Amino acid sequence: LVLVVHGIGQKLSERVETFDFTYAINTFRVLMAKQHELMSTTHSPAAVLPINWRRKINFDYDDAASSGRSEENREAPIHRPFALSDITPNTIPTVRNIISDVLLDIPYYLSKHRSRVLHAVAAEANRIYRLWMRNNPGWQGKISIIGHSLGSVIAVDILSRQPTVPPPLGSQNESLSEEDELLLEFPVRNLFLAGSPVGFFLLLNRTNLMPRIMSKARLASIVRNIHNSGDDLGDELDPADLEPEKIGIDHGGVYGCLAVDNIYNVIHTSDPIAYSLNPCVDPEYAAKLRRAILSVPIIRRGIFRKLFSLRNKKPDNSLQRRASETKKKVVDSAHYSFTRRPTSSLSRIPQIELETRDFKYEKIVETRMHCLNENGQIDF
């Protein structure tokens, strides 16, 4: 099950229906189904559902502000609430509508309204999860979250507050505290960030991206995976030497320490909003990693018809031949990207230094990176 959190601009869909996030998810769902057919996998296709949070919030008034306009408060003129429409001039309406419906979502989130946004997203995610479980009794699949733009920032904020073990379904009640209302009722396996400024928000908060450590047994499992991948550093790792408290944090409430197994930060090189996350773990280690490049062709035709370009691709009149070639490219590129692990930081170090240097720090950082993503890095 994949839950998708949208970014800015969904207020605009109230004026222009074609901008509705649900339509975008319908297109995305079709694309995923087509890619699933091309991959020839035995796994069932993922179900994709949107988290439409913006339509549930009216930033003009909160509960206290709404009461300020009631009849009994008309004689107290000091605190008279006003709305965005009250301060917006009637000039250049098209431009002002775009600013108010799209761009203002960012300062709203950075203001006192942040908690309202987080509560709206968490409540909608839990509502959809309950409906899913009600319609699919006995389902035991994995849950992933995709966050786009501001939605990725919201997802990171919520997942940083989650406990390591989520509460059981149905355990929440009306007496929950405000902080407990942000708890998700399900564990999140993967977090995919697209067009994400999360790296900048980590910089603003002066914090690193840290893994959530559940036990030393999990660390031992990660070390075995590093060793089995043929990594140079994996041969030197000893689980007994790795202390969980030096790798990550075992509890929620720390911004940048997410309750997920894997974080994927998908960056388009021409996206001015997207920032890297590898340096947020360790800048020196990130500088030595080889960039992981995805070259998976996208099927949909349109203004954004290619997520990653296919170079030197000549048109072919044979539909069957094109389908065969596309399938091969998808399978080959996916195999290259997700079976080959990124180059270790040891690959550029002279042999004599490899024999004499103590790589304890590198062991800790590489293990930390693998705790954040099983592929050994976050940016793709």
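1. Two strands pair if DSSP finds at least two bridges between them. Strand 4 (188-194) and strand 5 (260-266) pair in this way, in the parallel sense and over six bridges. In strand 5, Val260 is the bridge partner of Val188. Helices (H or I, at least four residues) and strands (E, at least two) are DSSP runs, numbered from the N terminus.

2. The model is predicted: local features need pLDDT of at least 70 and side-chain atom pairs count only at pLDDT 80 or more, while totals for chains, interfaces and linings use all residues. Residues are numbered from 1 along each chain as its sequence is written, and side-chain values use heavy atoms, with hydrogens and water left out.

3. The sheet is open and has five strands in the order 2-1-3-4-5, with parallel pairing. Strand 2 (48-51) and strand 5 stand at its edges; each has a single partner strand, so one side of each lacks a neighbour in the sheet. From one strand to the next, the twist averages 20°. Helix 1 packs on the sheet and touches strand 1, strand 2 and strand 3 (144-148), its direction making about 160° with that of strand 2. Contact means heavy atoms within 4.5 Å. Axes are lines fitted to C-alpha atoms, for helices over the stretch in contact, and angles run from 0 to 180 degrees between N-to-C directions.

4. Helix 6 (residues 114-135) and helix 7 (residues 150-160) have axes that come within 10 Å and cross at roughly 85°. The two helices are therefore roughly perpendicular to each other, a term for angles of 65 to 115 degrees. Helix 6 contributes Arg114, Val117, Leu118, Val121 and Ala122 to the contact, and helix 7 contributes Ile154, Asp157 and Ile158. Of these residues, six are nonpolar, none is polar and two are charged. Here Ala, Val, Leu, Ile, Met, Phe, Trp, Tyr, Cys and Pro count as nonpolar, Asp, Glu, Lys and Arg as charged, and the others, Gly among them, as polar.

5. The whole structure holds eleven salt bridges, each a side-chain nitrogen of Lys or Arg within 4 Å of a carboxyl oxygen of Asp or Glu. One of them joins Asp101 and Arg15, with the closest N and O atoms 2.4 Å apart. This pair links distant parts of the chain, 86 residues apart: Asp101 lies in helix 4 (residues 93-103), and Arg15 in the loop between strand 1 (2-5) and helix 1 (21-39). Asp101 is buried, at 4% relative accessibility. Buried means under 20% relative accessible area, exposed over 50%, and partly exposed in between (1.4 Å probe, protein chains only).

6. Arg130 and Glu185 also meet in a salt bridge (2.6 Å, N to O). Arg130 is in helix 6 and Glu185 in the loop between helix 7 and strand 4, 55 residues apart. Arg130 is partly exposed at 37%, whereas Glu185 is buried at 4%. A further salt bridge joins the side chains of Glu14 and Lys11 (3.2 Å, N to O); Glu14 is exposed at 52% and Lys11 partly exposed at 25%. Lys56, Glu124 and Arg127 are linked in a network of salt bridges.

7. Ser149, in the loop between strand 3 and helix 7, has a positive phi of about 55° although it is not a glycine. Ser149 is buried, at 15% relative accessibility. Arg206, in the loop between helix 8 (198-204) and helix 9 (216-228), is a residue other than glycine with a positive phi, near 50°. Arg206 is exposed, at 71%.

Note on methods. Parallel < 35°, antiparallel > 145°, perpendicular 65-115°, else oblique.
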